[in-house]
Amino acid sequence: MENNPTWRCVVALALGDGEGRWLMHKRPVHKHHGGLWEFPGGKVEQGETPACALVREVKEELGIDVRDEDLSPCCFAQESSENSERPIVILLYTCTRWAGKPAALEGGAVEWVRGRDIDKLAKPPLDIELAAHLLAKMPD
Ligand SMILES: Nc1nc2c([nH]c(=O)n2[C@H]2C[C@H](O)[C@@H](COP(=O)(O)OP(=O)(O)OP(=O)(O)O)O2)c(=O)[nH]1
């Protein structure tokens with residue numbers, strides 16, 4: 001269900017292993033931005049808080065449990081409204097506590113990547129911005 005008539009809210013997770021690596025998700029090839037590496041997450045649905053949406057999305061996408069009290073707001077990135085009728089805003093949270101072993105349950109791939117190596121991955125435009133903010137705040 002659409003969450004807002006004029007803009008779309010997407011939430012994303014920078015899951016950190018505490019040793020400078022972050023879990024990156026490769027989008028399934030048949031999807032928008034297929035084959036590119038993103039911070040896992042997805043769209044906020046009507047009636048959800050961003051944190052609730054992220055807890056739900058990472059369970060569906062990676063099969064892991066995170067608790068909303070372990071999510072810390074990190075940064076956001078947004079599309080220009082000149083390029084899109086309903087621009088996307090992506091809110092990135094960090095988290096270093098979870099239960100379960102992350103797996104790509106929707107047909108893509110997952111990998112733990114050192115902060116400086118995230119730069120080398122092909123990413124959608126907003127994930128490029130999110131990665132730059134994240135690494136500025138949390139250098140290797
Ligand atoms: N991560 C990311 N997503 C982007 C960017 N630009 C952009 O339009 N998107 C879109 C792709 C998706 O429609 C949406 C992210 O939500 P999602 O991961 O749940 O997307 P999805 O294709 O799996 O969703 P669905 O329609 O199958 O439910 O945001 C970007 O730069 N980074």
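**Fold and ligand shell of the predicted chain**

Of the 140 residues in the chain, 29% are buried, where buried denotes 20 or more other C-beta atoms within 10 Å of the residue's own, exposed 12 or fewer, and partly exposed the range in between, with C-beta atoms placed from the backbone. The structure is a predicted model, in which local features need pLDDT of at least 70, side-chain atom pairs count only at pLDDT 80 or more, and totals for chains, interfaces and linings use all residues. Residues are numbered from 1 along each chain as its sequence is written. The mean pLDDT (the predictor's confidence in each residue, from 0 to 100) is 95 for the chain, and 96% of its residues reach 70 or more. For the complex, the predictor gives an ipTM of 0.92 and a pTM of 0.94.

The chain contains 3 helices and 7 strands, taken as DSSP runs numbered from the N terminus (helices: H or I, at least four residues; strands: E, at least two). Their order from the N terminus is β-β-β-β-α-β-β-β-α-α. The chain is as compact as a globular protein of 140 residues, because its radius of gyration of 14 Å is close to the 14 Å of the globule rule; the radius is taken over C-alpha atoms, and the rule is 2.2 Å times the number of residues to the power 0.38. Along the principal axes, the C-alpha atoms fill a box of roughly 40 × 30 × 30 Å. Of the contacts (C-beta atoms, placed from the backbone, within 7 Å) between residues at least 6 apart in sequence, 67% join residues at least 24 apart.

An unreviewed UniProt entry annotates residues 6-136 as "domain: Nudix hydrolase"; its positions follow the numbering used here, feature names are shortened, and annotations may be inferred rather than shown by experiment. This span is 22% helix and 31% strand, and its end C-alpha atoms lie 30 Å apart.

The ligand is surrounded by Val 10, Lys 31, His 32, His 33, Glu 38, Gly 42, Lys 43, Ile 88, Pro 124, Pro 125, Leu 126 and Asp 127, the criterion being a C-beta atom, placed from the backbone, within 6 Å of the molecule. The shell comprises 5 nonpolar, 3 polar and 4 charged residues; Ala, Val, Leu, Ile, Met, Phe, Trp, Tyr, Cys and Pro count as nonpolar, Asp, Glu, Lys and Arg as charged, and the others, Gly among them, as polar. Strand E4 (41-43) and helix H3 (125-137) each supply at least two shell residues, and H3 gives the most, with 3.

Asp 17 lies in the loop between strands E1 (8-15) and E2 (21-26). Asp 17 is exposed, with 11 other C-beta atoms within 10 Å.

Definitions and conventions. Contact = placed C-beta atoms within 7 Å.
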